Each structure stands twice: as C-alpha cells, then as structure tokens.
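Welcome! Please take a moment with the sequence and the structure below before reading on.

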Amino acid sequence: MATQSSRTAARLMVAPSVILLFIWMIVPLSLTAWFSFRIYRLLSPERNGWAGIQNYKWFFNSPDFWLAISNTLLLVGGVLTITIVLGVLIALLIDQPVWGQGPLRILVISPFFVMPPVAASIWENLFMHPQNGMFASAAIGLGMKPILFLESYPMASVIFIVSWEWLPFATLILLTALQSMSSEQLEAAEMDGAGAFSRFWYIVLPHMKRAITVVILIQTIFLLGIFGEIFTTTQGGPGSASTTLPYMIYKQAVIAKDIGRAAAGGIIAIILANIVAYFLMRSMGKNLDA
Amino acid sequence: MARSVTPRRKILFTLAAWSVALLIFFPVLWTILTSFKTEASAVASPPQLFTADWTLENYAEVWGRSDYPRFFWNSVVISVGSTLLGLIVAIPAAWAMAFVPGRRTKDLLMWMLSTKMMPAAAVLIPMYLIFQRTGLFDTRFGLVMALMLMNLPVIVWMLYTYFKEIPGEILEAARMDGASLRNEILYVLTPMAVPGIASTMLLNIILAWNEAFWTITLTTTKAAPLSAFIASFSAPQGLFYAKLSAASTMAIAPILILGWFSQKQLVRGLTFGAVK
C-alpha cells in the first residue's frame, strides 16, 4: 500500500533519530578505541605515544578482570533470577481477589521511583549499617552479633539492593500479563481436575512468557551498566570483591587516571555487552513481534 | 482470574498481599519517618517507628545548607526538557516505522535498543572531553541532549508499539479525503496517540529524573540536579541519619508523587506494548 513517495517521507522521518543515535554511539566509541591503543596517563603526561595492545594485555592479565567479569554476570543473573521468581509469586498473590488492589500497586511500585543513589544510601545507612542500621538493631535484640553486610557479603548486598529497585518493574509487568488471562481456561482445567501447581505450570506460566521476555530484555540493558549502587555502597570493595566491569573501568579512569587502560576496558565491556545483546535479541526477538 | 471465593480466603489473601506490599514499601516509609526524627531518636535502639519528639528541624537544616531550589529546578528542566526533545525527534520516526514498515524496521529497532547496551562508564572519558571542549560541560542544555539521546531508543520503541495499535484504515481514509501528511499527523494521528505519548512521556521523565551517572559526572554546580544533591549528602558526618533521610525524601518526593498519580498509565507504558 505504501507508495514510493511515502517511503521516501518515511525514511526522512526516521533519519533524525538514526543519525543522532549513530553520532551518539560512534563518536565516543571511536575516541575510546583510539585511546585504548595510546599511552595516556593523566599523572605522567610527558609519556605518550602508541601503546600497541599493552592496555588490553594489562586488563587480561589483571586478576581483578576475571573477578569483575564474573561479578558483572553474577549481578545481572542474580537480580534477574530474584526479581522474576519473586515477581511471579507477588504478582500471583496480588492478582487474587484482595481488598485494596489499587493502593497495593502503589506501594509495590514505589521503589521504582527512588533514584539509585538514594536507594543505595538508604539501604547502606538505615538498614545495613553495622552499628545504627535496623538489621544490626534486630540482630542485637535477638542476642546475635550484627552482620557486616557490605564488608562480609558485598556482592550479595549489592544484588539485594538492586533487586529491591527492580522488583516493582518485574512484578507489575507480570501482573499486567496475569490480568489479561481468560479465566475460562483455568476454570476448565480446574474442572478437569488439574491441581493448582499444574494449572500454574501448564497454563499461567506459558501465558507469561512474553512478559518475562520483556522483563529480561529491559532489565539486562539497565543491569549491565549498574554503577551508582556500587559507587555509593562498597566502592567495589572490600579489595575488589564487588568490582564489576563498569566499576573497574571507572577506577582506572578516575582513581588511577590511566585513560588508555580505562579505554581498553571500555572496548572490552562494549564487546561483551554486544555479545550479550546479540544472544538476547536473537532469542527474544521472535518473542516480541516488533 | 475471577473465581468464586470464600470470605475467609479473601481475608487471608488480603493480609498476605498487604504484608508483602508493606515489606517492599517499608524502606521508603522508614526514610520518610526518619526524616522527621531528631538525630538521637533516628539511631535509637531498638528502632522506634514513631517518636514523640518529631521535628521539621532536618528539613530546615538541609534547606539552609544547600540550594535545594536550584537542584530541583535543574532536575525539572533536564528531565522534562530531554523528554520533550526526545518526543519531537521520536514521534516522526515511530510514526514512519509503524505505518510504513520496511524490511529493516525490526532490525533498526533492535539496533536502537542495542545502543543502550554500551556501558556508560566505558565512554566516560571521551564524553567528558567532548563536553569540556564544546562548552556543554555543566550546562543544562548539555545534559538535556545527553539524556535525550540516552533515552531515545526507549521513546521510539514505546511510541512504535502504541502507534502500531492505531488502525491504518483511518489514516487511509484521511488521505483519501485529501489530508496532507502534516495534517494527517496533526489532526488524525496525534489525538489517537495522546494516551501512548502521555505514558511514554511519564516513563521518560522518571528515567531522566533518576539518572545518576551522567548527571553527576558531567556537572559540577551550575547544572547539577537532585542526583548530585543527594550525592553530596552521602558522606557520613557524625549524627546525620535524620538529615540524610530528609535530603533523600526531598530528592524522591516529587517523582514519587507524580508516579503514584500516574501509576496506571505508567505500567501500561512499561510493558513496551508487548504485554496486554
């Protein structure tokens, strides 16, 4: 139905978005690629020139690098697992006939509106603080020693905080999917003698597949770049225990002031993100008829 | 899933659902309550939910210690500005993709979304240098541009899913009646698309308001929004819990209230049209 002229018009209308995004992507990317092969240290500006692949070598030889990669994957995987499992359970609960569903949704969505530095500092200070935090008070009240959350379990604590921030998103999308289900199918299954669990497994869960796909896709995009929560709470420590790839790059750039190495790390992070993106889009693309 | 329920079952589920919801909400509630306590009762052990000596002292002190109105105004300008600019760029693109789809439309959408996968920390230094050289550093305009581009893929995607639901026949009818492309967009498409545009706008204002990487790294004072305001309160200094809570409440309250009021449209927007 589209004529040649409307096709041209359509191209012109898409062009600004594509061109702007392309510039937004390609300029910093090429600069990063350029720096990654240069010797570029803010602390010794007199030394410069080509570094070859030295910056990349440094990253691959650093023991922190593999830790950072596994921490990054642990963070993404951990938060996805927690938010989806709890999200499904909470959505199933709220979907039951209960009083005050509107206010309930408002309470549940609230963490989504809290900006990351605030969320991180609330949890760090008001809850996880070893002397004054609420968890410490509870532990002392029960006659136990307070747990040093951020020192002893830094990654678990960060995953917990980020999961709290993203749980509303997962819950509400899954709830929306649940509420669009027809009750006849479930009633029919119930009459045929299907138990609660098999109704959930064979009818409810397949119905939520698309919603789960959306949750995974959108959350992964945001989780791969998580920075503020780590910066506010553990600063990547103790040692490098909670350093993720973005945080390791940040440390190279801002603390070690080695722009060359930071850029090499940046390129590695971008390649990794694209590998994740590729598999994600391939497996999910079909599911989201875009 | 409306099925016949006994009252007992309903009471049980109501109790369970409210307990879970309050548990999720509790950290926010606790922060708001703590902001009205004195520093001494803020760290009282065991913790007290309500105290007798509630005070507005913390708000007064936070207000006096930093220029809250300026941070607040910067947040408003940056989040609303980047969203409006993003809509201006994205509406034609999403319109074209929805109504004149080509073979590559889906790939293009996926590519746009994949630009968001670039970790911000990876391009921090080039971005910092570009902003310094071009004079965009610590300006509201610079941040408006940065956040607009950052959220553009999400805006295009959301609008696209809304526009796709508008039946194409209506547009054809308008075209046959001699409507120009401009009129078609202005008088036929836009009114039908307003709910979709509204939820897109809301979600993006919230995303931009809560953005805390570029807004902190690309500003110092002039253009610094509330994310930078809260970062300056994170350094522990003696008894500071109540003040930290007051500052936190001041940073999140505007968007929390906006979000509560627009919760329905927002959730619809969040599903990216993929969940009905």
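Predicted model: local features only at pLDDT ≥ 70, side-chain atom pairs only at ≥ 80, totals over all residues.

Residues are numbered from 1 along each chain as its sequence is written, chains are lettered from A and ligands numbered from 1 in the order in which they are written, and side-chain values use heavy atoms, with hydrogens and water left out.

**Where chain A meets chain B**

- Contact, meaning heavy atoms within 4.5 Å, links 102 residues of chain A with 103 residues of chain B.
- The two chains bury about 9,300 Å² between them, and carbon and sulfur atoms give 79% of that area; buried area is the accessible area (1.4 Å probe) that two parts lose on being put together, summed over both.
- M13(A), W24(A) and F113(A) supply 9% of what chain A buries against chain B, more than any other three residues.
- Helix α1 of chain A (residues 4–36) gives the most to the side that touches chain B, with 20 residues; helices here are DSSP runs of H or I with at least four residues, numbered from the N terminus.
- That side of chain A divides into 74 nonpolar residues, 19 polar and nine charged, where Ala, Val, Leu, Ile, Met, Phe, Trp, Tyr, Cys and Pro count as nonpolar, Asp, Glu, Lys and Arg as charged, and the others, Gly among them, as polar.
- Between chain A and chain B there are zero salt bridges, a salt bridge being a side-chain nitrogen of Lys or Arg within 4 Å of a carboxyl oxygen of Asp or Glu.

**Domains of chain B**

- Chain B has domain 1 (7–60) and domain 2 (67–232), with bounds from an automatic or database domain assignment.
- The centres of these two domains, taken over C-alpha atoms, are 36 Å apart.

**Salt bridges**

- Over all chains, the count comes to six salt bridges.
- R70(B) pairs with D67(B) in a salt bridge, with the closest N and O atoms 3.6 Å apart.
- R70(B) is partly exposed at 31% relative accessible area, and D67(B) is partly exposed at 37%; buried means under 20%, exposed over 50%, and partly exposed in between (1.4 Å probe, protein chains only).
- R261(A) forms a salt bridge with D258(A), their closest N and O atoms being 3.5 Å apart.
- D258(A) is buried, with a relative accessible area of 5%.

Definitions and conventions
Helix = DSSP H or I, 4+ residues; strand = E, 2+ residues; numbered from the N terminus.
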